[in-house]
Amino acid sequence: MKKHRILSIIVLVLITTSLQRVLAQETPTAEPTPRPKPPPVTVIQEGDHSLEIFFDTLPQGRAGLLHVLGPNMISARTMFLDERVQFFPVEGDGLYGFIAVNMEQTPRVYDLPVFILLNDGSTVEIMTQITVSPGGFIRQEVTVAPDRVDLLDPEIERGELARLESIFSVTTPQPLWDEDGFRAPLDSVFTSPFGVFRIFNNTIPSRHTGWDMRAPVGTPVMASAAGRVAFAGTLDIRGNHVIIDHGKGIYSTYSHFSQIHVTRGQMVTAGQVIGMSGETGRAGGPHLHWEMAVNGEWIDSRDFIEMWLPPPA
Ligand SMILES: [Zn+2]
């Protein structure tokens, strides 16, 4: 009798726990973590002007923050890994810029020249170097179900990536995120990490361009930050897919939706529900595939939301 009661209590606790878990997934509470501005890791002085660097090395597939300070500045730009980056002003706090490293960039030291244009027409050049370090990516074997094997065609993947690259090549000059910053798109566990070397069905190699999060079909998915919907439609591999432009070359993307709740061109706020998770496209089961791109490079979305970001002007 006693044994029975203990058993039913255990069963009840288990049911309650799993129910709480389901409810937690249905009502995501992923909140941004307000964090203070960290001190720069490196400061390079050039006369009255300085370049602050907020990271030590930049691992493959990561974005890093730069800051320039000094009098009479009109604008600043850099050319890093053949990518031209325009800095943006923050009221009373100089100019900021993001640089990004491709996940396949060879780890070594690269030049980082920063050019500051002053209001008398002259230019201050601050020259430094950035070390790209290994991303520490793991390998995973992935099995794709027979009915979706045709989606393993490398041509389909190439075509889809080209389409995404053309969307990411548009840089909205002003930041579109707001003081709410960036957050995870839902409250759940991360499963497959960013950057994984994947081997599909023992044969086809691929790279994982985002993080996977556990999400039963129909889980509300939130915009990571405020921005403008740059794409809302269906892709072969990513299935029902939403891309949000956050300005300054920063994009977040969300794949395998069962339903899309936004349309292209629509402005969204941080935390706004943009669709319901699902398993459309090349998905082995229900989950959210969450990506971010900065300056046209896939970067670690989870790392990015943990960074301190300058508040938009
Ligand atoms: Zn994924």
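H256 lies in strand β18, which covers residues 250-257; strands (E, at least two residues) and helices (H or I, at least four residues) are DSSP runs, numbered from the N terminus. The structure is a predicted model, in which local features need pLDDT of at least 70, side-chain atom pairs count only at pLDDT 80 or more, and totals for chains, interfaces and linings use all residues. Residues are numbered from 1 along each chain as its sequence is written. Here pLDDT is the predictor's confidence in each residue, from 0 to 100.

To begin with the whole chain, the mean pLDDT is 90, and 89% of the residues reach 70 or more. Over residues 9-28, pLDDT stays under 50, and the model has 10 contacts beyond four places in sequence for this stretch. Two residues are in contact if their C-beta atoms, placed from the backbone, lie within 7 Å. The protein chain holds three helices and 23 strands. Among its contacts between residues at least 6 apart in sequence, 66% join residues at least 24 apart. Of the 313 residues, 36% count as buried; a residue is buried if 20 or more other C-beta atoms lie within 10 Å of its own, exposed if 12 or fewer, and partly exposed in between, with C-beta atoms placed from the backbone.

Next comes the pairing of strands, where two strands pair if DSSP finds at least two bridges between them. An open sheet is formed by five strands in the order β1-β2-β4-β8-β7, with antiparallel pairing. Its edges are β1 (42-46) and β7 (88-89), each with a single partner strand, so one side of each is left without a neighbour in the sheet. The partner strand β2 (residues 49-53) runs antiparallel to β1 and is joined to β1 by five bridges. Within this pairing, T42 has I53 in β2 as its bridge partner.

Another antiparallel pair consists of β5 (residues 73-80) and β6 (residues 83-86), joined by four bridges. R77 stands opposite Q86 in β6. The hairpin of β5 and β6 has two residues between the strands, and in this hairpin L81 takes a positive phi near 50°.

H256, a residue other than glycine, has a phi near 70°, and H256 is buried, with 27 other C-beta atoms within 10 Å. N295 is not a glycine either, yet has a positive phi of about 50°. N295 is placed in the loop between β22 (287-294) and β23 (297-299), and counts as buried with 24 C-beta neighbours inside 10 Å.

What of the interior? The largest nonpolar core has 60 residues, and those with the most contacts inside it are V242, V294 and I299. Such a core is a set of buried Ala, Val, Leu, Ile, Met, Phe, Trp, Tyr and Cys residues joined through C-beta atoms within 7 Å. At least three residues of this core come from each of domain 1 (42-133) and domain 2 (139-305), the bounds being taken from an automatic or database domain assignment. Not counting residues up to four places away in sequence, V242 touches residues including V229, F231, Y254, F257 and I274.

T131, by contrast, counts as partly exposed, with 13 C-beta neighbours inside 10 Å. T131 is found in strand β10 (residues 123-133). Leaving aside neighbours within four places in sequence, T131 is in contact with T57 and V109. The C-alpha atoms of T131 and Y110 are separated by 6.3 Å, although the two residues are 21 residues apart along the chain.
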